[in-house]
Amino acid sequence: SGDATNGNGEKSDKEKLDDDEGNGGGDTPEEVERKFEPASHADVDLVDMLERDILQKNPNIHWDDIADLHEAKRLLEEAVVLPMWMPDYFKGIRRPWKGVLMVGPPGTGKTMLAKAVATECGTTFFNVSSSTLTSKYRGESEKLVRLLFEMARFYAPSTIFIDEIDSLCSRRGSESEHEASRRVKSELLVQMDGVSNDEATKIVMVLAATNFPWDIDEALRRRLEKRIYIPLPNSEGREALLKINLREVKVDESVDMRDIADRLDGYSGADITNVCRDASMMSMRRKIAGLRPEQIRQLAKEELDLPVSKQDFKEAIAKCNKSVSKDDLAKYQQWMKEFGSS
């Protein structure tokens, strides 16, 4: 590549630094990827554990794979993408959002939005669950939380996604709370908003999702500055979901997507996916009814792969009920009215 080298054929420190700055530290094939080295040698095993559990490469889900939810997408872009494109603008009072909490009933696409953030935004994506941060040794869980944030700052800009955050950071001071989990919560709160010197320049965003927002600790709620509600899909969203789910299968021309979307009122995104899966298998079920195993094996794929008809959808909808009740929805709306911040 014609770079100047020092006596041993290695690049000088300054050039290594220039390389890192020039191409994001990892575009040229011959360059070694930067690796996080913990300050204390005793933490090396813990860092390896975090690397293995957390650094996910591309999940390959794009904004277009998610129907509707324009407001949530806009907010996530504002929190993650724009600060990378316009770093000079997002300073001082306009600093990027540190925390975003996605609240909503199960199956509405909260985790999927997080995967889209990981794919579209090109940040380092840490996918954390409570099992990642718990350890049988006393005091090691807090250390894992600290190392997680140190790694996130090292690999900045990065996004830490904590799914089901209510399990990790429920309200402090309850009767059943264990002292160890209390320390983990405190460490998480300190790391998210702590007195640290290099924090200002590094963009680390915590993205959290929960179905139980009322169980979350007040101090954590304050640190998750944006709290957005991911609702059940509306009529247009349901129609878009049907089209996304049925991209790979043939659909009969007599099927009216608008009509089916209206019938699926109150269904979550996951419920609609299940209906589509069920409906697309109906023709196969009818075909193999009463056949012996060896006859089933001899069936050609063309015989089974028939277009999905209106009747298939009717049967599938009759079998698959919705998974979210009206009482649950009222609870979410009440919480959002009190604490929402979109």
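**The second largest pocket and the chain around it**

Colleague: Which residues lie nearest the centre of the second largest pocket?

Modeller: Gly107, Thr108, Gly109, Met112 and Ala270, among the 30 residues that line the pocket. This is a predicted model, where local features need pLDDT of at least 70, side-chain atom pairs count only at pLDDT 80 or more, and totals for chains, interfaces and linings use all residues. Residues are numbered from 1 along each chain as its sequence is written, and side-chain values use heavy atoms, without hydrogens and water.

Colleague: Why is this called a pocket?

Modeller: Because a pocket is an open set of points on a 1 Å grid over the protein atoms alone, where a 1.4 Å probe fits, with protein on both sides within 12 Å along at least five of seven lines; lining residues have an atom within 4 Å of a point. This one holds about 480 Å³ of space.

Colleague: Which elements each supply at least two residues of its lining?

Modeller: Helix H4 (110-121), strand S4 (204-210), helix H8 (235-245) and helix H10 (269-288). The chain has 14 helices and five strands.

Colleague: What makes up the lining by class?

Modeller: The lining has 12 nonpolar, 11 polar and seven charged residues. Gly counts as polar.

Colleague: What is the mean pLDDT of the chain?

Modeller: The mean is 84, and 87% of residues reach 70 or more. pLDDT is the predictor's confidence in each residue, from 0 to 100.

Colleague: Where does pLDDT stay under 50?

Modeller: Over residues 1-31. Where pLDDT is low, predicted coordinates should not be read in detail.

Colleague: How many of the 342 residues count as buried?

Modeller: 40% do. Buried means under 20% relative accessible area, with a 1.4 Å probe and protein chains only.

Notes: Contact means heavy atoms within 4.5 Å. Helices (H or I, at least four residues) and strands (E, at least two) are DSSP runs, numbered from the N terminus. Buried means under 20% relative accessible area, exposed over 50%, partly exposed in between (1.4 Å probe, protein chains only). Grid points are joined across faces, edges and corners, and a volume is the space filled by probe spheres set on the points.
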